[in-house]
Amino acid sequence: MNSRKVLLLVASPRGAASTSKSLGEHLLAVLEERGMALKTLQLYPALGDERKMSELLGAVDLCDLLVLAFPLYVDQLPAPLIDLLRLVAERRNGQARTGQALAAIVNCGFPETAHCRPAADIVRLFSAQAGFRFLGCLATGMGGAIGNRPLGKAGAIVRHQRRALDRAAAFLCESREIPADVLALMGRAMMPRWFYNFVADRGWKKAAKKYGTANRLFDRHYDGRQET
Ligand SMILES: Cc1cc2nc3c(=O)[nH]c(=O)nc-3n(C[C@H](O)[C@H](O)[C@H](O)COP(=O)(O)O)c2cc1C
């Protein structure tokens, strides 16, 4: 029996309806099967709420494994997550609890997983500064294809991601680094890039129609011209 505690911190403004939560919860379910004790917290509801933030910081201090699940925003971590990591590092100020580990799950909306690389580096550097042993960052592109569906209901498109999370869990529960081939599996495309772009494009057009802006999709606000 593995009685180590894992804290999943979901750092997406979409909260319970996020791809970050779907990916994180899949990993958590496997860690639970392996005997780890679970806790999930959402970052956004804690913003501006002292009680919730203090609970969150306390949970970060107490866990054995911290899993950060977040979307890529403007090639980076979402700003509230950056603030939180800064706060955690400052609070520790060289006095981190020993034996804590950290892993991350990042998803992005572009088809290419490579966009997530700088975010993965930032999490790795944070881990070193705040005294966590970094076990790896599981990154995937095409996050929009998952939406808020549980991974088990997202069908064959997420087979690589499901398998990668399942395999990663075996390493995380033993506090071992996730091997490179598992990280690569997580980042494999869910479908051909042209198809993802085609569906995403249709989604944008549908949304524009809904909001009455379909004829403004080619506006160029900063060059003084407007195309019709
Ligand atoms: C403000 C904003 C900025 C974003 N920036 C990027 C980006 O730089 N690169 C990218 O690939 N996707 C970007 N995305 C898309 C999200 O990463 C993508 O929709 C992701 O699946 C959302 O995950 P979530 O449901 O966990 O929040 C951005 C989305 C928003 C709303």
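Colleague: Where does the ligand sit?
Modeller: This is a predicted model, in which local features need pLDDT of at least 70 and side-chain atom pairs count only at pLDDT 80 or more, while totals for chains, interfaces and linings use all residues. Residues are numbered from 1 along each chain as its sequence is written, and side-chain values use heavy atoms, without hydrogens and water. A pocket is an open set of points on a 1 Å grid over the protein atoms alone where a 1.4 Å probe fits, with protein on both sides within 12 Å along at least five of seven lines. A molecule sits in one if more than half of its atoms lie within 2 Å of its grid points, and the ligand sits in the largest pocket.

Colleague: How many residues of the shell around the ligand are charged?
Modeller: The ligand is surrounded by 16 residues (a heavy atom within 4 Å), the closest being Ser12, Arg14, Ser20, Leu72 and Asn107. Asp, Glu, Lys and Arg count as charged, Ala, Val, Leu, Ile, Met, Phe, Trp, Tyr, Cys and Pro as nonpolar, and the others, Gly among them, as polar. The shell has six nonpolar and eight polar residues, and the charged ones number two.

Colleague: How much of the ligand does the protein bury?
Modeller: Oxygen atoms of the ligand make polar contacts (N or O atoms within 3.5 Å): the side chain of Ser12 at 2.6 Å, and polar backbone atoms of Leu72 at 2.8 Å and of Asp75 at 2.8 Å. Taken alone, the ligand exposes 650 Å² (Shrake-Rupley, 1.4 Å probe), and the protein buries 73%.

Colleague: Which residue forms an aromatic pair with Trp194?
Modeller: Rings of Phe, Tyr and Trp (its six-membered ring) pair if their centres lie within 6.5 Å, with planes under 30 degrees apart stacked, over 60 edge-to-face and the rest tilted. The whole structure holds two aromatic pairs. Phe126 and Phe132 are tilted, at 5.9 Å and 35°; the edge-to-face pair, at 5.6 Å and 80°, joins Trp194 to Phe195.

Colleague: Is Trp194 buried or exposed?
Modeller: Buried means under 20% relative accessible area, exposed over 50%, and partly exposed in between (1.4 Å probe, protein chains only). Phe195 is partly exposed at 35%. Because its relative accessible area is 61%, Trp194 counts as exposed.

Terms used
Polar contact = N/O pair within 3.5 Å; in protein donor to acceptor, adjacent residues only side chain to side chain. 1 Å grid on protein atoms, 1.4 Å probe; cavity = no way out; pocket = protein on both sides within 12 Å on 5 of 7 lines; lining within 4 Å.
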